[in-house]
Structure formats: C-alpha cells, structure tokens
Protein chains: 2
Amino acid sequence: MSQILVLSRQALAAMLDLRTAVGAVEQAFIQKSARQASLIPMLYHALHAGADFDIKAGHMPQSHVYGLKLVSWFGHNPEQGLPAMPGTTLLFDDANGQPLALLNAEGIGLLRTGAAGAIGAKYLARPDSRRLLLVGTGAQAACQIAATLLVMPGLESVQLYNPHGAAKAAARLPAIAAEAAGLLAGCGQALDVPVTVAADLPAAVAQSDIIITATPSHQALIDAAWVKPGTHFSCIGADVKGKQELDPMILKHARVFADDIQQAIEIGECQTAINSGILFQTEIAGEIGAVMARTLAGRMDASEVTVFDSTGIALQDLAVARAAYDLALQKGVGAWVAL
Amino acid sequence: MSQILVLSRQALAAMLDLRTAVGAVEQAFIQKSARQASLIPMLYHALHAGADFDIKAGHMPQSHVYGLKLVSWFGHNPEQGLPAMPGTTLLFDDANGQPLALLNAEGIGLLRTGAAGAIGAKYLARPDSRRLLLVGTGAQAACQIAATLLVMPGLESVQLYNPHGAAKAAARLPAIAAEAAGLLAGCGQALDVPVTVAADLPAAVAQSDIIITATPSHQALIDAAWVKPGTHFSCIGADVKGKQELDPMILKHARVFADDIQQAIEIGECQTAINSGILFQTEIAGEIGAVMARTLAGRMDASEVTVFDSTGIALQDLAVARAAYDLALQKGVGAWVAL
C-alpha cells in the first residue's frame, strides 16, 4: 500500500522558507519559458452564486513531478471565519504516478506569489535600487516585502501605501513588519530597513526604485506622470478580468514582461492597456523566464521603466510544492498516511 | 486548522459494501439525466511515451459535494509491481469549499464500475432473467458478478468466458468466485449460484439472458447471429477510442442506452457502430438515468434486445466517494489529518 505525505498549512509555515520558495519559482519560470514544463488549460466551474472553483495542473519533467491545484472561492466564507479561497494541491511522481503529497495550497500560495514579485525586481529592477514601495496592505504585503529584501540586498527603505488612506496603512504596518521579519528570520536574515507609511502616493511613486502593486483594484492607482525614469513595477494584483493597478500609459512606455503572455493579456495588468488599444501584444517584450535564462534581454538601460506582469501559473505552485516535499523529507515534517 | 479524512484502498475495501456503491451510482445516473448534477469537461495530458493522466471533475448539489478524480496510466508499472492506473479522488463540501476527504480512487473504481454493469441489468434486463454470462476474467469480473447477483435475485447461474481460452477462464474462476463471494458477504448475502466456465461462446451467448462484457478488446467478440431475443447486454470494456466488444449489428437492432450519450459515441461501445454508419445517434434511446427516473421507457417487451453502454462518468466516483465518506464517519474508519 502506498503512503502519501500530508503537509498542513501549519506544517508548511513552520518549515518552508521564503528563499526556498524563490528558488523554486525561479525554476518554474525558467522551465516554462524554455518549454521544459507543461501547463494544462485551466478548468473553471461555477458552483452557485458566490462560489466557484478552478483546477490548474502542470508537469515539470526536470523536477519529476506533475500535479494540480484546486482553488475554490466562497465569497461568504470570511463571515464564518473560514478562508475565502481554500485550496488544495496534489503532487505525483512522474516516474510511476504514485501520489507523493497532499498540501494546503494556501500555505504555498502566499510564498509563491511573494517570490514572483521579488523575482520581477531581481531580474528587471536597477541593481542600485534603494527604495521599495508596496501598494496594498493585504495578505500579500509582508511576503512581497520580505522576498524583495531577500533578493535585493541594496534596499534601504520600504514604504507601505493603502489606497483607502494612511490610517489604514498605519494600522496594518506593525503586523506586516512583524510578519516580514518572521519570514526573513526563517532565512537567517533580519528586517534591517525602516518600514514606514506613505501618505502621498504621487510623492512616494516619484521617490521609489521598485514598486510592487498588490491590491484588488479595478482601476488605475498609479499615474504615468508620477513615475521617475528607471522605476521597476511588479504587478501582482491583476489576475482576473477587470482588475487593474497601473495607468496603461506606464505599460506603453515601459519594457513589459509577463510570467505567461497570453494570461497577462487576458487577466493580468496588460489586459486594460491591450483592450483600450494603448498597448499592442507585439510590444510586450516576453516572458521573465527567458530573461532569467538569458535568451531575452531584460532591462536595457538605467533610465528604462520595466514592468513584470505576474498573473500566477500552476508551475509556481508545483515547484514550491515539490520543494516543500523535499524539505519535509529532510526535516521529518508532515503526516504520512496510507492511501 | 481544517482536517481531512484519508481513506486508503485498504480502508475502503474493509468498509465500503457493494450495495452502498450501487445505491450511490443509481443516484449519480438519475441526477445526471435530470441535470441536477454537473460534469466538467475532462482534462487529458500525455506525460511521456507510456504515461498520461486525466482529471475528471463534477458537482452534485443534492449530495452537497464537488470534487475530482485524477487517474494516471503508466503502462510499465505492473512490471514493477505497481498499479498501471493509480488514481486519487478529492472531495469538497459545496457549502464552504473545505476539503472533506482524500480517497484511493482505485478502491472506488472497481465498485462503481461493477455497480454500473449491474444497474444496466436491473433497469433493462427481463425481470425473469436466469442466466448471466460474464465475458472477461480480469479485475472487473468478480465485482460485475456480485453486483448483478445483488440486484437480480432471480439469477440461477453464472458463466465465465475468456477470449483467450477456457483454460484461462478455469484458472481464474476460483479467485473470481472467492472475490465475488466476499463482496456478497459484505452485503450479508451468499454466492449461492454455480459459477462455471463457458468454453463455447456462441452457445453461451445463445443461452444467456444477461451478458456483461468487460474485456480490453478492440474488435467484436459477440456475433449478432448468436443472440437470442430478450437478451440484455451491459458493455463495460469500451471506454477509449478503438475499443469494441459487440458486433455493431447487435446495437442496430437493440434498444440502446448510455450513461452519457456523447461519451458513448466518442469512446464507448457505440463508437464503432456509429463510425461505420450502422447506427445513427438518433437511434440511441437515451440515458439510463432517465429510465431510472421513469422519464424514458426502458425495455419495451420481453423479446427486445437491450444494451447499456457504460463508459464511466465522474459523478459515479463522486457519489461513491461521498457514500464512503458518510460510512467512514459512521464507522469511525480512516485517518484524520490536519490540512
């Protein structure tokens, strides 16, 4: 009888460090762009008003795994103290089809998305970047900050902006800073830069070298006129139709990269710029994985504005799930159950 | 933190009885035909030569669950003592998206397929049927026999036929009879009819009231000329392109039902008859679920030949998984694991 390893959200939080997640997501992006890994078309199903689910699956031959993530959305769950987007990941051995692990996808989701924003900065921002601005103070904020500090050691300050006001950002700041410090501590690092509230968005944008947007916004938050030359944007928020965070004119004059171009056009930050006729698909430079593999040029000079449109691909989850599985074996974490 | 119930193949075998599976599959067929349950288009992916996987998902609102089954095929697995088609089922609560159970899909697969063959007989065979012929002596044989004896108590004899010769059938007979007896014992019944080998297929067909075909054949095994009036066929074998067990002329002159008409035409026993122009889609009477719900007439008279083309639908697995989950809660079986 076969055994499967079950990794709960708690087990993942205690074991999986952000550096491991960044490394795994880098491999996912590189393998995707080199066509060394397969993404399978997403299945979506509406359950009833206020609830749906989707299944994203993929195969990573170099990591010897395939698998799927089923994520549901139940809009009324938070009222009952339950997560709005419960998710489950199943990982299989591509040598014999045996199930390897069942993982809480939420525990992986935050890290893999934080890793993506940071990877955008690592490969596209100016190496001398000093100031990071995080637009959005939700569940993603701490992970984005910690991952970016990890990969951009020259950063000297972090500002937090909440579109609903500085008071909201100030209220969230201690928890976000503590969570970011915890994530960095898991990698043997300290949170050694000041994290402050940005009250004036135009001024904060004009001062920043790296801007990560991670809000649920459905309209532009950042005006092209505010942006200084050489800025890098990692756009995390837009991942379904109708979402948007940047003025399309920013994309028009930037060198734009995506995790998956088709997905960026359909559901990412690029969608509005494309749909409004401001940006053309041929103006998107390419996939970030190609920049990482050095088959595509990234930033061309220090004055260019760069954008990474991160929409999220199943391979990120699979790669981090695989890394978590390996770590769990090493550390003896998780519950082995007969299946 | 949420908990998930893990039901291994061994736990399912010890707990899940065939009568429960038959009842669950009946509900699946009825809900499907009444459009009270949703089937989601299948995802298929080739991993490499000799290996692939598919994901079948569905939602049963009346049973308050949704979920998926991932079944892989690794052609070389049996050489290493591993199952060729490992499968895993995930079940979720449709009220809040919480994962309910992870189940070994193989433990469910045999029962749900055995139940389907028997349900074909229960709703389409002549009530006075006395003789059952099982064509095929593989993994499905015992389950088909036991389930059919369960739902057709007037049966007086079972014959086993193996297309590769009577000696092979004789060699397999003791194990199949013992397994069928075990499955019946799980329902409080005895295997109280003789199970014998059929050496002469034309003669066995001519004597039988119910014929279940469950082989991997890619060509017709049963000639229309051998079939006596009033015979019922449950066709289990054909479930991918190219498979076939009956002479298409049998279908041409029979009243034909399917679990899912489109699937029957594409991958079921109907495919060859349709593709060769012998059978027209409009000649297929309908879905068996409609017969069960009495919205469609089944057998019209005692002399008619009836066919149930069973291709397998995800709702069978979901319904049996749901029943297994309920049974496990009642009986305190399975492993609860934090997720």
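Chain A of this predicted model contains 11 helices and 17 strands. Its radius of gyration is 19 Å, close to the 20 Å that the globule rule gives for 339 residues, so chain A is as compact as a globular protein of that length. Along its principal axes, the C-alpha trace spans about 65 × 45 × 45 Å.

Next, the packing. Of the 339 residues in chain A, 55% are buried. Take the contacts in chain A with a separation of 6 or more: 73% of them join residues 24 or more positions apart.

What of the nonpolar residues? In soluble globular proteins, nonpolar side chains tend to be buried together. Here the largest nonpolar core has 227 residues. Its members come from both chains: A:Val25, A:Leu134 and A:Ala146 are among those with the most contacts inside it, and so are B:Val25, B:Leu134 and B:Ala146.

Now turn to chain A and its helix α11, residues 314–331. This helix has 18 residues. From first C-alpha to last it reaches 25 Å, close to the 26 Å expected at 1.5 Å a residue. Just after the helix, A:Gly332 takes a positive phi of about 70°.

The two chains meet next. Chain A gives 38 residues to the contact, and chain B gives 38 residues. On the side of chain A that touches chain B, the elements that give two or more residues are α1 (9–15), β2 (38–48), β3 (51–60), β4 (65–74), β5 (87–93), β6 (99–104) and β17 (335–338). By class, that side has 23 nonpolar, 13 polar and 2 charged residues.

How are the copies arranged? Two copies of a chain are related by a rotation about an axis and a shift along it. Here a rotation of 180° with 0.0 Å of shift along its axis superposes chain A on chain B, with an RMSD of 0.0 Å. The two copies are therefore related as by a two-fold rotation axis. The same surface serves both: 100% of the contact residues of chain A recur in chain B.

Terms used: Residues are numbered from 1 along each chain as its sequence is written. Chains are lettered from A and ligands numbered from 1 in the order in which they are written. This is a predicted model: local features need pLDDT of at least 70, side-chain atom pairs count only at pLDDT 80 or more; totals for chains, interfaces and linings use all residues. Helices (H or I, at least four residues) and strands (E, at least two) are DSSP runs, numbered from the N terminus. The expected span of a helix is 1.5 Å times one less than its number of residues. The radius of gyration is taken over C-alpha atoms; the globule rule is 2.2 Å times the number of residues to the power 0.38. A residue is buried if 20 or more other C-beta atoms lie within 10 Å of its own, exposed if 12 or fewer, and partly exposed in between; C-beta atoms are placed from the backbone. Two residues are in contact if their C-beta atoms, placed from the backbone, lie within 7 Å. Ala, Val, Leu, Ile, Met, Phe, Trp, Tyr, Cys and Pro count as nonpolar, Asp, Glu, Lys and Arg as charged, and the others, Gly among them, as polar. A nonpolar core is a set of buried Ala, Val, Leu, Ile, Met, Phe, Trp, Tyr and Cys residues joined through C-beta atoms within 7 Å. Copies are superposed by least squares on the C-alpha atoms of residues with pLDDT of at least 70 in both.
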